[in-house]
Amino acid sequence: MTSRRTVGDWIGLVARGFAMGAADVVPGVSGGTMAFILGIYEELIDATKRFTEPPFWRHLLSFRIREALEDVSWRFLLSVLSGILLAVFSLAPFLEWALENQPARLWAFFFGLVIASIFTVRRRLPGFPPRCAVAALLGAIAAWLIVGLVPVTTPDANWFLVLSGAIAICAMMLPGISGSFILVLMGKYRDILAAVSDRELGPLIFFSFGAGLGLLSFVRLLSWLLRRFHDLTVSILLGLMAGSLRKVWPWKETTEYMLDRHGESVPMIQVNILPLPGTDVLTPVLLAVAGIGLVLVLASLEGRVRE
């Protein structure tokens with residue numbers, strides 16, 4: 001498959017990675033969701049899992065670097081990772097500003113993305129028997145409860161950055177569960193976002209180390225589930241996306257604040273509300289429609305590539 005890809009295909013993979021990275025920066029949106037929409041989710045899981053398999057380590061320890069890289073589909077992974085990193089480092093300042101100054105508009109766009117994603121992924125299942133419906137319902141309940149959790153105050157130690165990276169990357173791989181939101185719950189979202197914006201390498205190294213450990217351990221489980229129980233697993237992931245809509249609802253009211261370690265007041269508990277009279281509703285609605293349209297276009301393009 002890899003050898004048949006053209007230059008345009010590789011550029012497309014970078015673009016897909018960029019979409020994943022942009023989603024991962026926003027707490028409440030999952031890069032795994034974007035990978036699902038764009039048709040690279042299972043290939044990404046499979047390629048990453050190969051880092052844990054004997055052929056890769058056998059070639060690596062024998063200093064046959066070329067063979068080791070081919071074992072893990074390095075061109076595919078490098079293309080996707082390049083797009084993710086490009087999005088994270090280029091969009092982090094803007095998204096940080098948007099979350100602070102235009103939250104309803106930003107959430108509305110991603111609300112449209114997730115809504116359309118649910119229907120797009122559902123169409124890929126050949127059927128939807130009762131057991132898949134139950135699995136989707138359980139996934140939705142789990143996501144709904146997780147995104148309703150309250151952020152906590154956590155240690156500033158480097159070991160906790162490693163732990164945060166490991167847990168967040170596992171969430172990132174699950175459509176519907178946002179790695180960024182897990183960082184919010186663990187009290188590390190603003191710290192990591194600031195480290196990215198300010199190019200602070202120390203925290204990013206510890207966080208990345210934890211992310212690598214978490215990724216390599218978690219993808220084996222995901223790969224096994226997709227191979228043995230494909231439709232059931234996809235149904236659960238579908239439910240996770242549906243449950244995440246609680247987090248990306250555009251209009252919110254903050255009921256409690258907390259002081260972060262910098263002494264700044266940040267939202268702790270938010271409840272979803274209907275837009276208040278006099279609130280700009282049209283722009284968020286148009287952005288939600290734009291998000292829906294974007295997913296439909298991407299799904300259509302991905303379908304043509306498959307054909």
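Start by selecting R75 and E70: their side chains meet in a salt bridge, at 3.0 Å from N to O. The model is predicted. Colour the pair by accessibility. R75 is partly exposed, with a relative accessible area of 34%. E70 has 38% and also counts as partly exposed.

Next, select R50 and D46. Here too the side chains form a salt bridge, with 2.7 Å between N and O. R50 is partly exposed at 27% relative accessible area. For D46 the value is 27%, again partly exposed.

Now go to K49 and E53. What joins their side chains? A salt bridge, 3.1 Å from N to O. Check burial on each side of this pair. K49 is buried, with a relative accessible area of 11%. E53, at 22%, counts as partly exposed.

Zoom out for the total. How many salt bridges does a search of the whole structure find? The search finds 4. Among them are R75 with E70, R50 with D46 and K49 with E53. As background, side chains of opposite charge can pair when their charged atoms come close.

Finish with the cysteines C132 and C170. Select C132: its relative accessibility is 1%, and it counts as buried. Then select C170: at 18%, this residue counts as buried too. The value for C170 is under the 20% cut-off, so the label is buried. How many disulfides does the structure hold? It holds 0.

Technical notes:
Residues are numbered from 1 along each chain as its sequence is written. This is a predicted model: local features need pLDDT of at least 70, side-chain atom pairs count only at pLDDT 80 or more; totals for chains, interfaces and linings use all residues. Side-chain values use heavy atoms; hydrogens and water are left out. A disulfide is a pair of cysteine sulfur atoms within 2.5 Å. Buried means under 20% relative accessible area, exposed over 50%, partly exposed in between (1.4 Å probe, protein chains only).
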